[in-house]
Amino acid sequence: HGVPPEQVAPFVVQARRNGVLNEYAHLRRSVRPEAVLRSPVAATPLRALDLPPRSVGAVALVLATEAAVRRLARRAAWIEGIGWAVESYHLGSIDLASLPALEAAARRAYQMAGVRRPGRDISAAEVHDLTSYHGLMACEALGFARPGMGARLFENGAADINGRLPLNPSGGVLCTNLHSGSGLVRAAEAALQVTGRAGRHQVRDARRVLAHGTSAISGAAAQSHCVVILRRE
């Protein structure tokens with residue numbers, strides 16, 4: 001799509017800014033766009049700050065029937081929609097400029113949840129940003145932006161915590177990377193948001209929050225995706 005690094009750096013800047021507010025984040029120091037663009041090259045066009053850290057930690061979710069939830073919990077996140085999809089595991093068959101499996105997973109989750117306008121019907125989203133570029137592609141695959149236009153969400157404040165569609169208010173994988181647990185963290189963060197327990201990175205009026213996870217065995221090509229939509233009662 002010809003997106004220059006200067007348009008990708010704001011994704012990293014916002015993630016790290018949000019991470020400062022998250023007491024569970026691994027990296028809690030903000031960065032400037034110049035620091036992103038000057039960080040060491042990892043593999044063109046990726047630089048060191050475009051990549052997540054290697055974190056150690058744990059995450060758990062408790063799933064229960066509606067009856068059990070009403071008996072045991074004062075506040076709960078309700079599963080409204082879920083979708084999963086996978087594409088070819090042959091790297092030569094993968095289009096690295098898009099995430100079609102995520103598009104398919106999102107369509108299924110949206111249909112189940114009755115979401116017709118993702119950019120308006122979703123209060124906030126936690127996307128699995130394997131890299132900054134993957135984060136932008138995820139925004140596009142989820143229908144928040146047109147192909148190649150995901151970076152614009154991070155230029156005008158639309159994706160800020162107080163913006164029209166807050167993205168990765170927790171700081172995302174770029175701030176905390178449990179590897180095989182990073183996708184589950186997205187769902188846990190979405191649950192905290194809809195129950196009003198996200199602390200300093202709480203999104204105002206988070207009624208319906210999307211969580212997106214990528215399978216750990218997908219590798220850099222990100223062939224396997226899951227989307228879960230949680231809502232407040």
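Modeller: A residue counts as buried under 20% relative accessible area, as exposed over 50%, and as partly exposed in between. This is a predicted model.

Biologist: Why is Asp-205 called partly exposed?

Modeller: Asp-205 has 43% relative accessibility. That value falls between 20% and 50%, so the label is partly exposed. Asp-205 sits in the loop between helix 7 and strand 5.

Biologist: What is the phi of Asp-205?

Modeller: Phi is positive, about 55 degrees, although Asp-205 is not a glycine. Asn-168 also has a positive phi, near 50 degrees, and is a residue other than glycine. Asn-168 belongs to the loop between helix 6 and helix 7.

Biologist: What makes Asn-168 buried?

Modeller: Its relative accessible area is 4%. The cut-off for buried is under 20%, so Asn-168 qualifies.

Biologist: Now helix 6. Why is helix 6 said to be largely enclosed?

Modeller: Of its 10 residues, 10 are buried, so the rest of the structure largely encloses it. Among them are His-134, Met-137 and Glu-140.

Biologist: What covers the buried residues of helix 6?

Modeller: The cover includes helix 1, strand 2 (46-47), helix 4 (100-113) and strand 5 (208-214).

Biologist: How do helix 1 and helix 6 pack?

Modeller: Two packed helices are described by the angle between their axes and the distance between the axes. For helix 1 and helix 6, the angle is about 85 degrees and the axes are 9 Å apart. Angles of 65 to 115 degrees count as roughly perpendicular, so helix 1 is roughly perpendicular to helix 6.

Biologist: Which residues of helix 1 and helix 6 meet?

Modeller: Helix 1 brings Pro-5, Val-8, Phe-11 and Val-12. Helix 6 brings Ser-132, Tyr-133, Gly-135 and Leu-136. The residues of this contact divide into six nonpolar, two polar and no charged. Gly counts as polar under the scheme used.

Biologist: How many aromatic pairs does a search of the whole structure find?

Modeller: The search finds one. Phe-11 and Phe-154 form this pair, 4.9 Å centre to centre, with 65 degrees between the planes.

Biologist: What makes the pair of Phe-11 and Phe-154 a tie between parts apart in sequence?

Modeller: Phe-11 lies in helix 1 (residues 5-21). Phe-154 lies in the loop between helix 6 (132-141) and helix 7 (182-194). The pair therefore ties together parts that are 143 residues apart in sequence. Phe-11 is buried at 4% relative accessibility. Phe-154 is buried too, at 10%.

Biologist: Are Cys-139 and Cys-226 buried or partly exposed?

Modeller: Cys-139 has 0% relative accessibility and counts as buried. Cys-226 has a relative accessible area of 25% and is partly exposed. The line for buried is under 20%.

Biologist: Why does Leu-142 count as buried?

Modeller: Relative accessibility is 1% for Leu-142. Buried means under 20%, so the label holds. Leu-142 is in the loop between helix 6 and helix 7. Leaving aside residues up to four places away in sequence, Leu-142 touches Leu-102, Ala-106, Tyr-110, Pro-118, Val-127, Leu-210 and Val-227.

Biologist: How far apart are Leu-142 and Gly-119?

Modeller: They are 23 residues apart in sequence and 8.9 Å apart in space, C-alpha to C-alpha. Now take Ala-35 and Leu-61: 26 residues apart in sequence, 36 Å apart in space, again C-alpha to C-alpha. Ala-35 belongs to helix 2 (residues 33-38).

Biologist: What makes Ala-35 partly exposed?

Modeller: Ala-35 has 36% relative accessibility. That is between 20% and 50%, so partly exposed is the label.

Biologist: Which residues does a cis peptide bond join?

Modeller: Thr-44 and Pro-45, with omega about 5 degrees. Pro-45 is in the loop between strand 1 (41-43) and strand 2.

Definitions and conventions. Residues numbered from 1 in each chain as written. Predicted model: local features only at pLDDT ≥ 70, side-chain atom pairs only at ≥ 80, totals over all residues. Heavy atoms only, no water. Buried < 20%, exposed > 50% of the residue type's maximum accessible area, 1.4 Å probe, protein only. Phe/Tyr/Trp six-rings, centres within 6.5 Å; stacked < 30°, edge-to-face > 60°. Helix = DSSP H or I, 4+ residues; strand = E, 2+ residues; numbered from the N terminus. Axes fitted to C-alpha atoms, helices over the stretch in contact; angles between N-to-C directions. Parallel < 35°, antiparallel > 145°, perpendicular 65-115°, else oblique. Contact = heavy atoms within 4.5 Å.
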